[in-house]
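Hi,

Here is the model I said I'd pass on.

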Amino acid sequence: MAKTAIVTGAARGIGLATTRLFLADGWHVAMVDNDAEELTRVAADLDGVAALPCDVGNPEAVAALAAEVDAGFRRVDALVNNAGLADFGPIEETDFDRWRAVMRTNLDGVFLMSQAFVPALKETRGAIVNIASISALRASTLRVAYGTSKAGVAHLTQQQAVELGEYGIRANCVCPGPVRTKLAMAVHSEEIIAAYHDAIPLNRYGTETEIAEAIVWLCSEKASFVTGQRLSVDGGFEATGIGLPALRS
Ligand SMILES: NC(=O)c1ccc[n+]([C@@H]2O[C@H](COP(=O)([O-])OP(=O)(O)OC[C@H]3O[C@@H](n4cnc5c(N)ncnc54)[C@H](O)[C@@H]3O)[C@@H](O)[C@H]2O)c1
């Protein structure tokens with residue numbers, strides 16, 4: 001029987017690339033996104049998917065989604081919590097509404113979706129992959145809400161790994177470096193783009209597929225003894241200290 005993955009934020013970007021790789025490996029995918037129009041449009045061109053519009057930060061909507069998946073799918077083998085929101089701003093301009101909007105999707109969403117699908121994942125001894133960011137690992141300017149939400153995701157992953165390992169459920173976290181998606185391009189100025197190039201040993205942005213490869217591997221049997229890990233897929237960003245731009249010139 002084909003395995004099933006639930007991928008949130010699947011209508012575009014890293015979530016869509018992840019969906020495509022799962023399909024190429026013979027999985028079925030439940031594509032979840034709160035942009036119902038785009039989700040339906042994209043899913044219409046893919047075989048082996050179900051399009052399930054849902055706001056992952058809304059507890060009632062997530063409960064309804066879990067009931068729908070329970071009734072419609074025979075199994076859930078992997079949950080990829082990828083839906084995310086970026087809002088960069090100085091600390092003094094980040095009011096509580098902006099803070100909550102980021103936390104609601106990026107951290108509450110991961111918590112709610114994981115809670116809802118633990119029973120199904122117990123049955124398959126399945127996998128959770130949460131998408132954090134290099135902003136979870138390194139502080140930077142303008143990321144008081146985004147970076148803190150992603151650091152929460154990284155720690156939540158470890159909590160899940162420790163507690164759910166008993167049921168054979170693995171939980172891991174992928175920390176992508178910059179990728180030219182709609183989310184990133186909305187907050188990356190020309191200066192930020194140039195600074196990333198300078199700070200990344202591979203000297204470029206990553207692609208959606210390069211991030212998706214790590215996600216799908218962590219969900220697969222090939223990663224059967226890997227849990228509680230944070231995997232940076234970042235062109236070497238996390239490894240660097242000072243001096244890289246100077247070495248290049
Ligand atoms: N692109 C990057 O440079 C980068 C770097 C590090 C981490 N990430 C993370 O990767 C993940 C995917 O980002 P992306 O770059 O592909 O962004 P994207 O904007 O292209 O895609 C995000 C998707 O999530 C959906 N979404 C947003 N809020 C939602 C909600 N409440 N409920 C359901 N769906 C929702 C959007 O509609 C969209 O389809 C995010 O968690 C992001 O923080 C991205």
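**Pocket first, then the fold**

Of the helices, α6 gives the most to the lining of the largest pocket, at four residues (helices are DSSP runs of H or I of at least four residues, strands runs of E of at least two, numbered from the N terminus). Bear in mind that this is a predicted model: local features need pLDDT of at least 70, side-chain atom pairs count only at pLDDT 80 or more, and totals for chains, interfaces and linings use all residues. Residues are numbered from 1 along each chain as its sequence is written, and side-chain values use heavy atoms, without hydrogens and water.

A pocket here is an open set of points on a 1 Å grid over the protein atoms alone, where a 1.4 Å probe fits, with protein on both sides within 12 Å along at least five of seven lines; lining residues have an atom within 4 Å of a point. The lining of the largest pocket comes to 40 residues, and Asn82, Gly84, Leu85, Thr181 and Leu183 lie nearest its centre. At least two lining residues come from each of α1 (13-24), α5 (144-164) and α6 (182-187).

As for the whole protein, there are nine helices and seven strands. Its radius of gyration (over C-alpha atoms) is 18 Å, close to the 18 Å from the globule rule (2.2 Å times the number of residues to the power 0.38) for 249 residues, so the protein is as compact as a globular protein of that length. The C-alpha atoms fill a box of roughly 55 × 40 × 40 Å along the principal axes. Buried residues (under 20% relative accessible area, 1.4 Å probe, protein chains only) make up 47% of the 249.

Cheers

Conventions: Buried < 20%, exposed > 50% of the residue type's maximum accessible area, 1.4 Å probe, protein only.
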